[in-house]
Amino acid sequence: MKRLMIGLLCLLFMIVASCATLGPIPKETENTDPTLLNDEIIQMNENSTFAATRSNPVTGTKTMLVTVTHWQGEKVLNKAEVEKHTISNDPDSLRSYIMAASGGKLNLQGRVVEAESGPRPESCGMSTSIDEGLKTANANGLNPDDFDYLINVINCPGGGASAHAPGRITGVYGKAGGPHVYKHEFGHNLGYSHGSTYIGCPSDGNTVTAPGGCSLVEYGDTGDSVSGGAHSILRSTGCIPAGWMRGRRSPLIERGCIAWEC
């Protein structure tokens, strides 16, 4: 049994390490960005051309347009900050994160533009962000259809964020507390859903029994940025269909009694 436990720990290490390394991870790894308190996944056709699959890997250079729309008389959003969080070369930006997660196989390039619109509506969401993003893009002489991915940032009552999953569009509805919200929503664009994890599993000495007797916590996997982790990498089971790693480099435990030689 001890050999099995050691083997499983080695396997887990290989799964995590094989995807990418972001460097030192802060002690606080849970998402604390209030922008994600109202996170909505807008489920799209699973056969979408934007879904990361073995036959449709998301690799190479992809273009991204980020629009920042200010309501009339407001300046809540900060274009420079949004750019730092998304497609800049900052080590914690979305671009740097995806470069690390993909092992250099996916490179996001693009532009961040801003414009002022009309009075702020009483409520808004994805459809409003798309409409306003189009206006902001056009005001800067750009066509959103010329870009692979779109992030539209507007200031909405209640905040929140949503993304087409899989798809090419993300809406962020307020001033993000950091880059995590963009990493999280882009994961949805690639087709990731929220993950879960087990806690409170019964143990006897060095033996832990799962999943029987465990509690399931939804959106509680701090080892995955789409599932609650703020500084963690995308889980390796998604790196495979995205074309970022070979399947044989990430064995997936699907049943008990699996031994692994270190």
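Which residues in α3 are buried? Leu94, Arg95, Ser96, Tyr97, Ile98 and Ala101 are, where buried means under 20% relative accessible area, exposed over 50% and partly exposed in between, with a 1.4 Å probe and protein chains only.

The model is predicted: local features need pLDDT of at least 70, side-chain atom pairs count only at pLDDT 80 or more, and totals for chains, interfaces and linings use all residues. Residues are numbered from 1 along each chain as its sequence is written, and side-chain values use heavy atoms, with hydrogens and water left out.

**Figure 1. Overview of the chain.** The chain holds six helices and 10 strands; helices (H or I, at least four residues) and strands (E, at least two) are DSSP runs numbered from the N terminus. Of its 262 residues, 44% count as buried. The accessible surface of the chain is about 13300 Å², and carbon and sulfur atoms contribute 52% of this area. Accessible areas come from the Shrake-Rupley method with a 1.4 Å probe, and for residues only the protein chains shown count as cover. Among contacts in the chain with a separation of 6 or more, 69% are between residues 24 or more positions apart; a contact means heavy atoms within 4.5 Å.

**Figure 2. Helix α3 and the glycine after it.** Helix α3 spans residues 94-101 and is mostly covered, with six of its eight residues buried. Tyr97 and Ile98 are among the buried residues. Gly103 follows α3 and has a positive phi, near 65 degrees.

Figure 3. Helix α4 has 14 residues. From its first C-alpha to its last it reaches 20 Å, close to the 20 Å expected at 1.5 Å a residue; the expected span is 1.5 Å times one less than the number of residues. The buried residues in α4 are Met126, Thr128, Ser129, Glu132, Gly133, Thr136 and Ala137. They cover an arc of only 160 degrees around the axis, which puts them on the same side of α4; the arc is that of the directions from the helix axis to the C-beta atoms. After α4 comes Gly141, with a positive phi near 70 degrees.

**Figure 4. The disulfide between Cys124 and Cys156.** The structure holds two disulfides, a disulfide being a pair of cysteine sulfur atoms within 2.5 Å. One of them joins Cys124 to Cys156, with an S to S distance of 1.8 Å. This pair links distant parts of the chain, 32 residues apart: Cys124 is in the loop between β3 (106-116) and α4 (126-139), and Cys156 is in the loop between β4 (149-153) and β5 (161-165). Both cysteines, Cys124 and Cys156, are buried. The torsion about their S-S bond is about -130 degrees, so the disulfide is left-handed.

**Figure 5. The disulfide between Cys201 and Cys214.** The sulfur atoms of Cys201 and Cys214 lie 2.2 Å apart and form a disulfide. Cys201 is in the loop between β7 (196-199) and β8 (203-204), and Cys214 is in the loop between β9 (207-208) and β10 (215-218), so the pair ties together parts that are 13 residues apart in sequence. Here the S-S torsion is about 125 degrees, so the disulfide is right-handed. Cys201 is partly exposed, at 23% relative accessible area, whereas Cys214 is buried, at 17%.

Figure 6. Five salt bridges are found in the whole structure; a salt bridge is a side-chain nitrogen of Lys or Arg within 4 Å of a carboxyl oxygen of Asp or Glu. In one of them, the side chains of Glu74 and Arg120 meet at 3.0 Å, N to O. Glu74 lies in the loop between β2 (60-70) and α2 (79-85) and Arg120 in the loop between β3 and α4, so the pair ties together parts that are 46 residues apart in sequence. Glu74 is partly exposed, at 23% relative accessibility, and Arg120 is partly exposed, at 39%.

Figure 7. The side chains of Glu83 and Lys79 form a salt bridge at 3.7 Å, N to O. Glu83 and Lys79 are four residues apart in helix α2, about one helical turn. Both ends are partly exposed, Glu83 at 32% relative accessibility and Lys79 at 24% relative accessible area. In a further salt bridge, Lys135 meets Glu132 at 3.3 Å, N to O; these two are three residues apart in helix α4, again about one helical turn. Lys135 is partly exposed, at 49% relative accessible area, whereas Glu132 is buried, at 8%.
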